[in-house]
Amino acid sequence: MIVTMGTHIAPATVADFHQVLTDHPRYWGERDLRSLHLLALVQEFGSTCLAARGEDGIRGYVFGFVTPDGTGYVHLIATRDDARGTGLGRRLYAAFAEAAARQGARRLKAVTSVGNTGSIAFHRSLGFATEIVDDYNGPGRTMAVFHRDVPSAV
Ligand SMILES: CC(C)(COP(=O)(O)OP(=O)(O)OC[C@H]1O[C@@H](n2cnc3c(N)ncnc32)[C@H](O)[C@@H]1OP(=O)(O)O)[C@@H](O)C(=O)NCCC(=O)NCCS
């Protein structure tokens with residue numbers, strides 16, 4: 001099934017948080033990123049933790065926050081396996097940028113592993129510059145770091 005219509009993006013609830021953890025492989029495949037899902041983000045940064053809902057459940061989500069220096073940091077973004085390639089990831093980013101801008105964000109940032117070629121291509125398509133940062137996650141732990149300004153129109 002191709003999921004395109006009727007997707008509504010709104011702040012994620014605690015129930016949404018538990019739902020996406022239950023269905024974790026539908027968003028992340030073989031990778032186990034459950035430990036990076038922090039309920040504190042949903043509880044304390046609720047306006048920048050968003051879920052995209054359709055009649056068949058949560059099709060994607062983005063969890064992030066705005067730092068005191070005005071960076072909208074995207075901690076996690078994922079779309080469900082049957083919702084990929086439909087522009088939903090782009091919509092989630094736009095909704096996040098809008099919410100972050102309302103809290104004073106002037107730039108966006110995200111981080112992924114250097115082997116996550118899909119995420120790197122996705123961020124490039126969305127206009128992010130990619131920087132490979134040695135030791136970002138500690139000695140020998142190189143990461144890909146994405147940067148982009150928040151469009152002034154947002
Ligand atoms: C990365 C991810 C969020 C993209 O979501 P999506 O809903 O498929 O993205 P969209 O359909 O909005 O695509 C937006 C653009 O990115 C490009 N893109 C998305 N995934 C891509 C991929 N794997 N390879 C190449 N390009 C990709 C699309 O072609 C599109 O480009 P265009 O608008 O210029 O045509 C999704 O694949 C996913 O959830 N992956 C698993 C979780 C993950 O790795 N998250 C990112 C790390 S935090």
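Colleague: What do the buried residues of α4 pack against?

Modeller: This is a predicted model. In it, the buried residues of α4 pack against β1 (8-11), β2, β3, β4, β5 and α5. Contact here means C-beta atoms within 7 Å.

Colleague: Which residues of α4 are called buried?

Modeller: They are L88, G89, L92, Y93, F96, A97, A99 and A100. The cut-off is 20 or more other C-beta atoms within 10 Å, so each of these residues reaches that count.

Colleague: What comes just after α4?

Modeller: G104, with a positive phi of about 95 degrees.

Colleague: What makes the largest nonpolar core, and which residues have the most contacts inside it?

Modeller: The core has 33 residues. A nonpolar core takes buried residues of the nonpolar kinds, joined through C-beta atoms within 7 Å. L50, Y61, V62, L92 and F96 have the most contacts inside the core. At least two residues each come from α1 (14-22), β2 (49-54), β3 (57-66), β4 (71-79), α4 (88-102), β5 (107-113) and β7 (143-149). α4 gives the most, with seven residues.

Colleague: Which residues does Y61 touch, leaving out those up to four places away in sequence?

Modeller: Y61 touches A12, V20, L50, A51, A52 and A78.

Colleague: Why is β6 called hardly covered?

Modeller: Strand β6 covers residues 129-133. Being buried takes 20 or more other C-beta atoms within 10 Å. The count of buried residues among the five in β6 is zero, so the strand is hardly covered.

Colleague: How do you know that β6 pairs with β7?

Modeller: Pairing needs at least two bridges. β6 and β7 have five, in the antiparallel sense, so they pair. E131 stands opposite V145 in β7, and V133 stands opposite M143.

Colleague: How many bridges join β5 to β7?

Modeller: Seven, and the two strands run antiparallel. The bridge partner of R107 is D149 in β7.

Colleague: What makes up the shell around the ligand?

Modeller: Eight nonpolar, 10 polar and two charged residues. In all, 20 residues surround the ligand, and the closest are R84, G89, G118, A121 and S125. α2 (24-28), β4, α4 and α5 (117-125) each supply at least two residues of the shell. α5 gives the most, with five.

How values were computed:
Residues are numbered from 1 along each chain as its sequence is written. This is a predicted model: local features need pLDDT of at least 70, side-chain atom pairs count only at pLDDT 80 or more; totals for chains, interfaces and linings use all residues. A residue is buried if 20 or more other C-beta atoms lie within 10 Å of its own, exposed if 12 or fewer, and partly exposed in between; C-beta atoms are placed from the backbone. Helices (H or I, at least four residues) and strands (E, at least two) are DSSP runs, numbered from the N terminus. Two residues are in contact if their C-beta atoms, placed from the backbone, lie within 7 Å. A residue is near a molecule or strand if its C-beta atom, placed from the backbone, lies within 6 Å of it. Ala, Val, Leu, Ile, Met, Phe, Trp, Tyr, Cys and Pro count as nonpolar, Asp, Glu, Lys and Arg as charged, and the others, Gly among them, as polar.
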